[in-house]
Amino acid sequence: MPNFFENLDPETAEEIDQLSRLAYELRENRNAVLGPYGAEDEAALLQRIQDGAVAEHPAYEHYLSTRILADTRETVREVLRERLMEVNRIS
């Protein structure tokens, strides 16, 4: 299996690795917050709150937390995508 980081300078490889790890951790933390509610995403959790299936507090705060985690993950993914496109232009 070829090494993805083989032709990258160490700083770029480290940056890509850190961004990838951060995106993974954000996803896993979001899933950990949603898990106890049996919700697959933020919309499902909000619907469970609105339906009265779960108590509003702390569920609403957890809903907000999952939104922040998801939004942050998308931002990280966009930065990572841009960085990878940059690297591919240089290579």
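Which residue forms a salt bridge with E86, and how far apart are the closest N and O atoms? The partner is R83, and the closest N and O atoms are 2.6 Å apart. By salt bridge I mean a side-chain nitrogen of Lys or Arg within 4 Å of a carboxyl oxygen of Asp or Glu.

Before going on, the ground rules. This is a predicted model, where local features need pLDDT of at least 70 and side-chain atom pairs count only at pLDDT 80 or more, while totals for chains, interfaces and linings use all residues. Residues are numbered from 1 along each chain as its sequence is written, and side-chain values use heavy atoms, with hydrogens and water left out.

Now the overall layout. The protein chain has 3 helices and 0 strands, in the order α-α-α from the N terminus. Helices here are DSSP runs of H or I with at least four residues, strands are runs of E with at least two, and numbering starts at the N terminus. The radius of gyration is 18 Å, well over the 12 Å that the globule rule gives for 91 residues, so the chain is more spread out than a compact globule. That radius is taken over C-alpha atoms, and the rule is 2.2 Å times the number of residues to the power 0.38. Along its principal axes, the C-alpha trace spans about 55 × 20 × 20 Å.

Next, burial. Of the 91 residues, 27% count as buried. Buried means under 20% relative accessible area, exposed means over 50%, and partly exposed is in between, with a 1.4 Å probe and protein chains only.

The largest nonpolar core has 10 residues, including L8, I16, A23, L69 and V87. A nonpolar core is a set of buried Ala, Val, Leu, Ile, Met, Phe, Trp, Tyr and Cys residues joined through side-chain atoms within 4.5 Å. Two or more residues come from each of α1 (10-34) and α3 (56-90), and α1 gives the most, with 5. As for A23, leaving aside neighbours within four places in sequence, this residue is in contact (heavy atoms within 4.5 Å) with R73, V76 and R77. There is also a second, separate core of 8 residues, with L34, I49, V54 and A59 among them.

Of the contacts between residues at least 6 apart in sequence, 52% join residues at least 24 apart.

One backbone item. The peptide bond from H57 to P58 is cis, with omega near 10 degrees, and P58 is found in helix α3.

Back to charges. Side chains of opposite charge can pair when their charged atoms come close. The whole structure has 7 salt bridges. Where do E86 and R83 sit relative to each other? They are 3 residues apart in helix α3, which means a separation of about one helical turn. E86 is partly exposed at 37% relative accessible area, whereas R83 counts as buried at 15%. Both belong to a salt-bridge network that also links E15.

R81 and E78 form another bridge, with the closest N and O atoms 2.7 Å apart. These two are also 3 residues apart in α3, about one helical turn. R81 is partly exposed at 41%, and so is E78 at 33%.

Finally, E28 pairs with R27 in a salt bridge, at 3.0 Å between the closest N and O atoms. E28 is partly exposed at 32%, and R27 is partly exposed at 30%.
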